[in-house]
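Work through these exercises with the coordinates open. Try each task before you read its solution.

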Amino acid sequence: MTAPTLPGLEPAAPTPAAPPRPGSRAARMALPRSVDVLKEIAAEYGVCVRPLAMRRTDLDTGLTEVIDLPCGATREDKCAPCAKKNRRLRQAQIREGWHRDDEPLPPPEPATEEQKALILFRAHLEFSRDEAIRAAEWGQVEELDEGIREVEEAITAEGLRGRVGPPHAGVDEDADDDSGRRRKRSTKRRQDAPELPRRKVERRTVGRTYTAADGTTYRPSMWLTLTLDSYGPVRPDGTPVNPDRYDYRRAAWDAVHFPRLLDRFWQNLRRCEGWNVQYAGCVEPQRRLAPHAHFAIRGTIPRDTLRTVAAATYHQVWWPAVDVQQYTADRPPVWNEDASAWVDPDTRCPLTTWGEALDAIDENPQAEPVHVVRFGTQVDARGVMPGTTDAERTIRYVTKYITKHTGDVHKATTDRQRKHLDRLWRELRVTPCTDRCANWLLYGIQPKKAHAKLKPGRCKGKVHQRDTLGIGGRRILISRDWSGKTLRDHKHDVRAWVQALLGVTTNSATADGGPAGSPGQLVDDQGDTVERVRHAWELARPDDPDVGPLSHRLMRSISERARWRSELLAAKDRAAQGSADLSATQHNARHDGEEGDSGRGFDHRAGRGPDQHE
Ligand SMILES: [Zn+2]
Ligand SMILES: [Zn+2]
């Protein structure tokens with residue numbers, strides 16, 4: 001039967017496909033590609049799939065060796081094993097700071113007599129400099145400045161942290177506008193203080209302990225979610241009910257300035273509560289593509305206080321107005337070399353400079369901030385008890401998406417979602433990201449420190465890129481006194497634990513799986529600051545003869561890693577049988593160590609609460 005059928009009327013269900021003929025192309029294509037399997041196994045064993053080849057030369061023997069270092073990517077699409085490892089470290093960091101009952105950092109040691117003497121000497125120089133300025137003895141001022149520089153170096157060398165005072169004008173050239181004069185901070189553009197009670201902030205970073213009637217003590221902590229305001233009603237899929245009424249302009253500006261709003265929130269909360277509240281959290285997009293933030297907070301704070309502070313917190317953006325877009329990327333202003341300024345393409349008149357635009361705001365008594373960011377009314381807060389599954393689940397929730405690009409957290413699968421993403425992106429592209437953003441030129445204003453290389457409307461800033469959704473900065477936010485450790489310190493902890501378990505004493509071992517070999521022959525990718533420099537390192541090029549094809553290097557790393565892993569497992573078993581008092585460290589191992597993806601088995605529904613909005 002070969003009668004033609006009308007298009008669309010072909011039989012709907014194809015007959016079940018017979019297995020392809022052995023030896024046919026189809027049969028061949030059904031076989032997995034060995035190179036894909038290699039990458040899969042590399043990921044399974046936590047071996048970096050984009051290793052950086054480094055050539056190490058032993059300065060004593062002259063022997064060179066090429067060593068693969070893990071790329072250290074934080075996003076899954078670049079390197080899944082490295083991104084997962086980074087996530088585990090973040091989880092360890094959050095876990096360690098959340099419920100601790102002691103201050104993470106002991107107070108600094110008292111100053112020595114030498115240190116005090118140096119500060120006193122520095123004070124005398126300051127006094128003399130002031131006198132010299134009054135007497136207009138400029139030569140003397142210059143000499144004193146030189147002296148001040150030397151003393152400050154000595155102060156640092158004596159082991160004092162930070163600068164004793166800001167540098168004198170003329171030393172630092174951080175002038176606020178192009179004319180070089182220092183802009184007086186206008187009272188006009190100052191942030192208004194929120195209407196909140198203010199207390200003196202104690203140094204304390206640990207929350208309160210509660211004692212029950214039976215003497216049991218509790219030190220609960222908290223979990224908080226902050227969202228932005230509504231830009232119009234949305235459907236369950238995150239898209240606006242009425243796209244024409246959805247306020248994309250405000251959504252874009254809010255996203256860009258969200259980090260500042262969060263900073264203000266913590267500042268206000270600490271002042272209101274009177275102690276140095278610590279947090280660890282993340283910024284993620286909601287389904288409607290607006291950012292929200294989840295935080296683990298050490299200690300408890302009354303829910304009402306959190307709500308009140310969130311409601312009273314705002315951030316004012318004192319930038320020039322952007323009501324009218326005067327130029328487009330296709331008809332942009334042009335750079336005039338002689339005037340050293342951006343000018344109108346037709347009239348050749350220079351555009352308003354950044355300084356002029358700010359002056360205009362200062363001089364206008366009716367001026368208002370171009371944008372004000374506030375939180376939405378939805379503030380979720382709940383208590384979390386240390387050591388519970390709830391606490392573990394929350395930590396996984398905080399770190400759930402950090403291996404993904406913001407734009408990949410919620411995949412747009414329908415046309416409506418794609419259009420929504422597109423509208424937001426179009427708005428983000430023309431939203432100024434900073435005071436130096438090239439997009440200012442579209443609004444007839446030369447940004448701060450304007451120069452010839454700006455591309456009007458094509459700023460390279462991260463917030464303008466489609467996959468950031470306006471979330472351009474860091475997405476993991478951890479306060480200074482959270483765990484008292486940096487991510488790097490946590491990495492060292494993991495390594496120290498593995499070394500202790502394996503009985504490795506050499507200082508050159510690594511546990512982070514990059515150039516893992518048998519214990520004792522491992523390399524230290526962090527460098528050792530105490531040990532004498534024994535090796536010289538240089539980046540090897542992929543086509544260098546001693547580097548070899550990536551697949552060969554991956555195979556070697558996987559094999560080493562597999563052996564390393566079984567040794568580690570055996571050592572763990574021995575340790576578990578040998579003593580029970582290792583239980584605390586094993587807890588660490590389960591989460592920070594080599595085995596398992598702690599993201600597995602997470603009940604998505606249970607962690608869903610904070611994701612719902614509007
Ligand atoms: Zn990697
Ligand atoms: Zn920009």
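Predicted model: local features only at pLDDT ≥ 70, side-chain atom pairs only at ≥ 80, totals over all residues.

**Exercise 1. The whole chain**

Task: State how many helices and strands the protein chain has, and what share of its residues count as buried.

Solution: 
- Start with secondary structure. The protein chain has 14 helices and 13 strands.
- Turn to burial. Of 614 residues, 43% count as buried.
- Take the contacts between residues at least 6 apart in sequence. In the protein chain, 74% of these join residues at least 24 apart.
- Finish with the surface. The protein chain exposes about 34900 Å². Carbon and sulfur atoms supply 51% of that area.

**Exercise 2. The zinc ion (ligand 1)**

Task: Find the protein donors of the zinc ion (ligand 1) and assign the geometry of its site.

Solution: 
- List the donors. They are the SG atoms of Cys48, Cys71, Cys79 and Cys82, at 2.2 to 2.3 Å from the zinc ion (ligand 1).
- Check the angles. The four donor atoms give 105 to 112 degrees. Four donors count as tetrahedral if all angles lie between 85 and 135 degrees. The site of the zinc ion (ligand 1) is therefore tetrahedral.
- Compare with the ideal. Four tetrahedral donors would ideally give 109.5 degrees.
- Read the spacing along the chain. The donors of the zinc ion (ligand 1) follow C-x22-C-x7-C-x2-C.
- Check burial. Cys48 and Cys82 are both buried.

**Exercise 3. Aromatic rings**

Task: Classify the aromatic pair of Tyr279 and Phe295, then that of Trp319 and Trp440.

Solution: 
- Count the pairs. The structure holds 14 aromatic pairs.
- Take Tyr279 and Phe295. Their centres are 5.4 Å apart and their planes are at 85 degrees, which makes the pair edge-to-face.
- Tyr279 is in strand E6 (residues 279-285) and Phe295 in strand E7 (residues 291-297), so the pair ties together parts 16 residues apart in sequence.
- Check burial. Tyr279 has a relative accessible area of 12% and is buried. Phe295 is buried at 0%.
- Take Trp319 and Trp440. With centres 5.4 Å apart and planes at 80 degrees, this pair is edge-to-face. The two residues lie in loops, and the pair ties together parts 121 residues apart in sequence. Both Trp319 and Trp440 are buried.
- Look for a cluster. Phe258, Phe265, Trp266, Tyr279, Phe295 and Phe375 form one.

**Exercise 4. Charges over rings and a covered helix**

Task: Find which ring the charged end of Arg298 sits over, and how many residues of helix H9 are buried.

Solution: 
- Start with Arg298. Its charged end sits over the ring of Trp482, 5.5 Å from the ring centre.
- Arg429 lies over the face of Trp425, 4.7 Å from the ring centre.
- Count in helix H9 (residues 389-399). Eight of its 11 residues are buried, and the helix is mostly covered.
- Name some of them. The buried residues of H9 include Glu392, Arg396 and Tyr397.

Notes
Residues numbered from 1 in each chain as written. Chains lettered and ligands numbered in written order. Heavy atoms only, no water. Donors = N, O, S within 2.8 Å, 3.2 Å for Na, K, Ca; no water. Tetrahedral: all angles 85-135°; square planar, octahedral: opposite > 155°, others 65-115°. Buried < 20%, exposed > 50% of the residue type's maximum accessible area, 1.4 Å probe, protein only. Helix = DSSP H or I, 4+ residues; strand = E, 2+ residues; numbered from the N terminus. Contact = heavy atoms within 4.5 Å. Areas by Shrake-Rupley, 256 points an atom, 1.4 Å probe, with all protein chains shown as cover. Phe/Tyr/Trp six-rings, centres within 6.5 Å; stacked < 30°, edge-to-face > 60°. Lys NZ or Arg CZ within 6 Å of the ring centre and 35° of its normal.
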